[in-house]
Every structure is written in structure tokens, then in C-alpha cells.
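Hi,

Here is the structure I promised to pass on.

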Amino acid sequence: PVFDAAHRAALEGGKPLVYVCPPAAWPTVPLFARFTGAEGGHPRTVIIIPEPGLAGDLARALGQLPALTPLHLATGLARTATLLAAAPPTTLIATPKDALDLVARSALKLREVARVVVGWPEWSFHLGDADALDALLAESERAQRIVLTQDDAAIADFLTRHAHRAPVLAAARLPESPVGPARYVTARLDRRAQTLGGVLDAVNPLTAVVWDPLNVTAQLGPLLAGVHPIEDGATGQLAVALDLPDTSTLAALRTAAPEVVVVLGAAQVPYLRKLAHPLRPLRVTGAADDARARWLDLRRELRRQATDSDLTGALLALEPLFDEFDPALIAAAAVTLRHKLDPGDATPPEVPAFVRIRVDGGRRNQLRVGDLVGVLLNAAGLAREEVGRVDVRDTVSFIEIRAAAAERALAGLSGATVRGRRISARLERR
């Protein structure tokens with residue numbers, strides 16, 4: 001982004017500023033790098049981010065900027081309140097509800113904060129946090145206000161109330177029409193480097209280029225054979241973006257390779273839909289998926305044993321060891337020993353059966369597999385391993401869900417709006 005005189009004057013003079021960029025951490029770094037100064041006694045900067053996953057991405061991206069450190073991500077309210085009282089960080093990142101809770105506890109005093117950054121308030125509106133956001137801004141009326149948004153025209157009323165006549169700096173805007181086709185895989189930022197290997201195995205290209213704005217592949221050491229950073233001008237059979245791209249980046253990826261796969265957070269998929277069309281999910285499978293499912297089943301079995309079984313005898317046998325070792329270490333050793341000594345006779349954990357859910361809507365309603373999976377993962381909060389086959393037909397769709405998650409899946413699907421149409425769902429008994 002080009003910071004002209006009006007933008008610099010706003011930042012340096014404590015005036016409001018609107019910054020237009022995709023809902024991702026990497027495009028905000030040039031803005032936050034211009035922040036200056038730190039004052040002790042209370043946080044100087046409070047950053048309100050609507051979604052916890054994106055808040056974590058932002059904390060990782062900004063953690064090395066001197067003007068913002070020490071930085072604290074509010075993942076636990078009790079500990080955050082303790083830190084604010086004892087050793088306040090220079091920068092605090094929190095969701096609207098968590099920030100409001102900290103204000104209610106008198107742990108966060110917004111009247112003493114120099115700068116409040118509101119990240120993508122349009123997301124907060126969709127999540128039902130608009131009132132919390134208004135309350136926070138009312139508490140911080142003396143602070144400088146910086147609004148991050150993907151589309152300033154879509155939140156014009158909000159900007160009129162809270163950033164009136166603020167200069168607008170556009171780092172990246174949405175295109176008038178999609179750039180072209182792409183596929184996507186959802187993963188947390190701290191798992192995207194490992195997900196790259198799954199993408200390469202699934203597509204199996206001879207050569208590939210990678211766009212990695214936050215350098216998450218640094219943990220892998222040297223890149224895999226045949227894989228090169230796109231910054232070197234390399235081309236290949238596949239281009240992989242390890243974060244949400246903007247318009248120009250996606251266009252560059254499509255120039256570098258005939259097929260593009262974007263690895264991003266689940267909440268960022270709606271923005272990508274406005275960049276890429278058609279957009280299809282890429283199913284990445286492998287040993288990690290199998291291991292994750294096995295450990296999920298093991299935890300479920302252990303939880304059942306701890307709740308329903310009489311464990312007195314086992315506790316008496318293990319009690320002497322608790323004086324020598326951490327009980328968690330003893331539990332891990334017991335699980336390992338059981339599988340090592342008796343692999344043939346050990347009864348595998350019971351895998352819950354799948355049930356089928358019927359959704360009223362199909363291809364004629366422009367409904368796609370990715371739409372339904374997105375609702376299940378984002379709105380219903382299901383894990384990927386709890387979702388089975390998704391079958392979209394002409395006028396109806398069927399989804400296989402693990403029985404234990406069926407109630408949450410129905411609650412998330414029923415009444416959800418997909419492609420401008422409210423859908424209904426019910427359990428199919430067969």
C-alpha cells in the first residue's frame with residue numbers, strides 16, 4: 001500500500017484511518033509496522049478481531065514488530081486479567097466478546113488505551129457481535145480508531161458512526177469479477193506447512209511453486225524437491241498459496257501454474273469465493289488423517305471408561321506410581337503398554353455409526369458440497385473427521401455425519417443461509 005500525506009498524518013496525529021485488505025494477517029503487516037511508541041502501565045494498542053483463528057494468525061504475524069511487543073493474545077480471560085493487572089502488554093488482541101468481558105471485570109480500561117484497531121467489523125455483524133463492538137468503541141472514545149475491512153462501502157454506516165471522514169487506504173480490493181478457478185484446503189496457520197505435503201501428495205505434480213507470505217514453511221527446513229518459492233519467478237504444474245491471497249497474488253499464481261490450490265482458514269473461504277470461480281474443495285487424505293481419527297476414538301473410549309466404569313482397582317494399583325511420576329505420564333504409559341503387550345486381543349474402540357441427514361436443496365439451487373461442509377465446520381463447529389460423504393443431487397442433498405455429532409449438525413444446518421437461500425435439514429431414518 002502507498003501511504004500518502006493524508007494517511008501518514010492520520011497515523012501520526014492519532015486520527016481515524018480505514019484500511020482495506022483481505023481478512024488475513026499478512027496484508028496488515030505494512031500498516032502495523034508504522035505504529036510507533038509504547039507507554040507503560042496499560043496496553044497502548046487493543047486489536048479487536050472477530051474470529052479466534054484469525055486473531056491467532058495476527059498474533060503470530062505481528063509478534064516481531066518492536067512497537068507492538070510485548071503482545072498478548074487473549075485466549076484465557078482469567079490469565080489475561082491477571083497479566084493486565086500485573087504486567088500489561090503493549091498490545092492486546094481479543095475478540096469483541098472477550099474484550100467486553102475484560103472491560104466488565106475492570107481488567108481492561110479502554111479510556112487509557114491510545115489506539116483501538118477494529119478488524120473486519122463486517123464479520124462481527126454476521127456473528128452477532130455488533131452490540132459488543134459498539135459498546136467497546138463507546139468506552140474508547142478518546143482512542144485513535146483504525147478500521148480494517150475487506151469492503152469499506154459495505155460498512156458505510158459503521159464508518160459514519162465510528163470513523164467519520166477517515167481517509168481510506170486500500171491495500172487490496174475485491175475484483176469486479178472472479179480471477180479464475182482454484183481449489184482450497186482449510187487448515188490452521190500452524191498446520192499449513194504440514195498440509196502442503198498433503199496437497200502435493202493429492203495432486204502429485206512434478207513441479208510446484210509456493211506462495212508463503214508468513215514463512216510458515218520455515219519449520220520444514222529446505223523445501224521438498226521440485227518445490228520453489230513463487231518469489232523467485234518460478235513456474236510449475238501446481239501453485240500453492242499458504243494463506244488467503246489478494247487479487248493480484250491469485251492472478252500471479254494462475255500465471256505461474258495451470259492449477260492453483262489455496263490453503264487457508266475456514267472462516268476465510270467466503271472471501272476466496274469472491275476471488276476465485278469456480279472454487280472447489282480439495283480433499284487431502286493420508287496417515288495424519290487416519291492417526292487423528294484413531295486418537296479421536298481412543299479419547300472417546302477413555303472418556304466413556306472414566307465416566308461409566310468402576311476404576312477403584314486400577315487406581316489402587318497405580319497409586320504408588322503417582323508419588324514418582326506425573327499422573328498424565330502414567331496414563332500415557334498405560335495406553336502405550338496395553339497396545340504393545342496385547343495388540344491382538346485388545347478390542348478396538350467402538351467407532352460410532354454414521355447417520356444420514358437430508359437437506360432440502362441441491363444442484364438446482366446452486367448448492368455445492370463445499371457450501372454444506374463449510375456450514376458444518378464453521379456454523380455447527382464439527383471436526384472434519386465427523387463429516388462423511390456429502391451427496392448433492394438435483395433437488396436434495398444427503399450428508400453422512402457421525403451419530404454423536406448429528407444433533408449439532410442439524411442445529412447448524414437448519415435455518416442456515418447458503419447462496420441467498422435458507423435451507424432446512426432433518427435426520428433421515430432408514
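Which residues in H15 meet which residues in H16? Leu 372, Val 375, Leu 376 and Ala 379 in H15 meet Ala 409, Gly 412 and Leu 413 in H16, where contact means heavy atoms within 4.5 Å. By class, that contact has six nonpolar, one polar and no charged residues (Ala, Val, Leu, Ile, Met, Phe, Trp, Tyr, Cys and Pro count as nonpolar, Asp, Glu, Lys and Arg as charged, and the others, Gly among them, as polar).

Before the rest, a word on the source: this is a predicted model, in which local features need pLDDT of at least 70 and side-chain atom pairs count only at pLDDT 80 or more, while totals for chains, interfaces and linings use all residues. Residues are numbered from 1 along each chain as its sequence is written, and side-chain values use heavy atoms, with hydrogens and water left out.

Back to that helix pair. The axes of H15 (residues 369-379) and H16 (residues 406-413) come within 9 Å and cross at roughly 110°; helices here are DSSP runs of H or I with at least four residues, and strands are E runs of at least two, numbered from the N terminus. The axes are lines fitted to C-alpha atoms over the stretch in contact, with angles from 0 to 180 degrees between N-to-C directions. H15 and H16 are therefore roughly perpendicular to each other (65 to 115 degrees).

Next, H3 (residues 52-62). Eight of its 11 residues are buried, so H3 is largely enclosed by the rest of the structure; buried means under 20% relative accessible area and exposed over 50%, with partly exposed in between (1.4 Å probe, protein chains only). The buried residues of H3 pack against several elements, including helix H2 (29-32), strand S2 (45-48) and helix H9 (192-203). At the N-terminal end, Glu 51 caps H3, with a side-chain oxygen 3.1 Å from the backbone nitrogen of Gly 53.

There are also some backbone details to look at. The peptide bond from Thr 69 to Pro 70 is cis, with omega near 0°, and Pro 70 lies in the loop between H3 and S3. The His 277 to Pro 278 bond is cis too, with omega near -5°; Pro 278 is in strand S13 (residues 276-281).

Two non-glycine residues have positive phi: Trp 120, near 45°, and Arg 165, about 60°. Trp 120 is buried at 0% relative accessible area, whereas Arg 165 counts as exposed at 76%.

Cheers

Methods. Parallel < 35°, antiparallel > 145°, perpendicular 65-115°, else oblique. Polar contact = N/O pair within 3.5 Å; in protein donor to acceptor, adjacent residues only side chain to side chain.
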